[in-house]
Amino acid sequence: MILRKIFKVLNHLGARSILPIVVLIILNGFFEVIGISALIPIITLLISNVDSPAMEIYKSIFNVSSGIDVLNYAIASFLVIYSVKSVFSLFVYYKQGQYIHDIEEKLTYTLFENELYNVNDQANGVAKQTQIIIAESNQFSRGVLRSLLSFLSEFMVSLSLLGYLLYQDPESTLLIVLVISVFTVIYMSYVGGKLTALGKERIV
């Protein structure tokens, strides 16, 4: 398994646990849902009449009598929530970058320590080995590890949004998910067949 190999490399490097990063990614998914759900009351207020039940509920919540005041309070609340969500998302991305940089640094140092002093031809071997070490470090940290964390981030955001939509309207959400899944399978099958054919042509 690819994940097992990745964790094996991380354990060998003695890197700090990836669990805090995963927890931050999960929390970021919930914050994305909160940011989107905070927009719903504003939309409700914009399409509601002044004397609608929804408007009366929001008037009692904000303790105001004017519909304009309710809308102002709702927009201000949304901006605060969205700002907090954005700051937290930036913090999560910063911690991800910091973790990836730390892994890249430790991996490069380990490879240099284990491989560089075993080079026989010091004139040409060191430069070539240095290029290989840097390329391998970048490929693992920026290619594999960053892609894994990015996938996990997008997956948690999508999963959180899916859970929220299922809570709001299960039937419509399941129908949309089914349609998207069918088109995804068809697309992947078509693209996979094309890539396989192109690969065979290049081998021949």
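Biologist: How many aromatic pairs turn up in a search of the whole structure?

Modeller: Four aromatic pairs come out of that search. Keep in mind that this is a predicted model.

Biologist: Okay, let's pick F88 and F91. How far apart are the ring centres, and what kind of pair is it?

Modeller: The centres of the F88 and F91 rings are 6.5 Å apart and the planes sit at 40 degrees, so we call the pair tilted.

Biologist: Why does 40 degrees count as tilted?

Modeller: Planes under 30 degrees apart would be stacked and those over 60 would be edge-to-face, so an angle of 40 degrees lands in the tilted group.

Biologist: And where do F88 and F91 lie?

Modeller: Both are in helix α5, three residues apart, which is about one turn of the helix.

Biologist: Is F88 buried or exposed?

Modeller: F88 is buried, with a relative accessible area of 16%. F91 is partly exposed, at 40%.

Biologist: Which residues do ring pairs link into a cluster?

Modeller: That would be F31, F88 and F91.

Biologist: Let's zoom out. How many helices and strands does the protein chain have?

Modeller: Seven helices and zero strands. Along the sequence the pattern reads α-α-α-α-α-α-α.

Biologist: What percentage of the residues is buried?

Modeller: Of the 204 residues in the protein chain, 26% are buried.

Biologist: And what about the accessible surface of the chain, how much is there?

Modeller: About 14,300 Å², and carbon and sulfur atoms account for 67% of that.

Biologist: Now the inside. Which residues touch the most other members in the largest nonpolar core?

Modeller: This core has 15 residues, and the ones touching the most other members are I18, I21, I25, Y99, L145 and L149.

Biologist: Which helices each supply at least two residues of this core?

Modeller: Those are α2 (19-37), α5 (67-115) and α6 (125-168). The largest share comes from α5, with seven residues.

Biologist: What lies apart from that core?

Modeller: Another core, this one of seven residues, including L45, V64, A74 and F78.

Biologist: What is Q96 in contact with, leaving aside neighbours within four places in sequence?

Modeller: Q96 is in contact with I21, I25, L149 and S153. You've met I21, I25 and L149 already, among the core residues that touch the most other members.

Biologist: New topic: charges. How many salt bridges does the structure hold?

Modeller: One. K85 pairs with E32, and the closest N and O atoms are 3.6 Å apart.

Biologist: Which parts does that pair tie together?

Modeller: K85 lies in helix α5 and E32 in helix α2, so the bridge ties together parts that are 53 residues apart in sequence.

Biologist: Are K85 and E32 buried or exposed?

Modeller: Both are buried.

Biologist: Last one, the outside. Which residues form a nonpolar patch on the surface?

Modeller: L19, V23, I26, L27 and F30 do, and together they have about 430 Å² of accessible area.

Biologist: Where is I26, and what does I26 count as?

Modeller: I26 is in helix α2. Its relative accessibility is 31%, so I26 counts as partly exposed.

Definitions and conventions
Residues numbered from 1 in each chain as written. Predicted model: local features only at pLDDT ≥ 70, side-chain atom pairs only at ≥ 80, totals over all residues. Heavy atoms only, no water. Helix = DSSP H or I, 4+ residues; strand = E, 2+ residues; numbered from the N terminus. Buried < 20%, exposed > 50% of the residue type's maximum accessible area, 1.4 Å probe, protein only. Areas by Shrake-Rupley, 256 points an atom, 1.4 Å probe, with all protein chains shown as cover. Core = buried A, V, L, I, M, F, W, Y, C linked by side-chain atoms within 4.5 Å. Phe/Tyr/Trp six-rings, centres within 6.5 Å; stacked < 30°, edge-to-face > 60°. Salt bridge = Lys/Arg side-chain N within 4 Å of Asp/Glu carboxyl O. Patch = residues over 30% accessible without salt bridge, like charges linked within 9 Å, V, L, I, M, F, W, Y side chains within 5 Å. Contact = heavy atoms within 4.5 Å.
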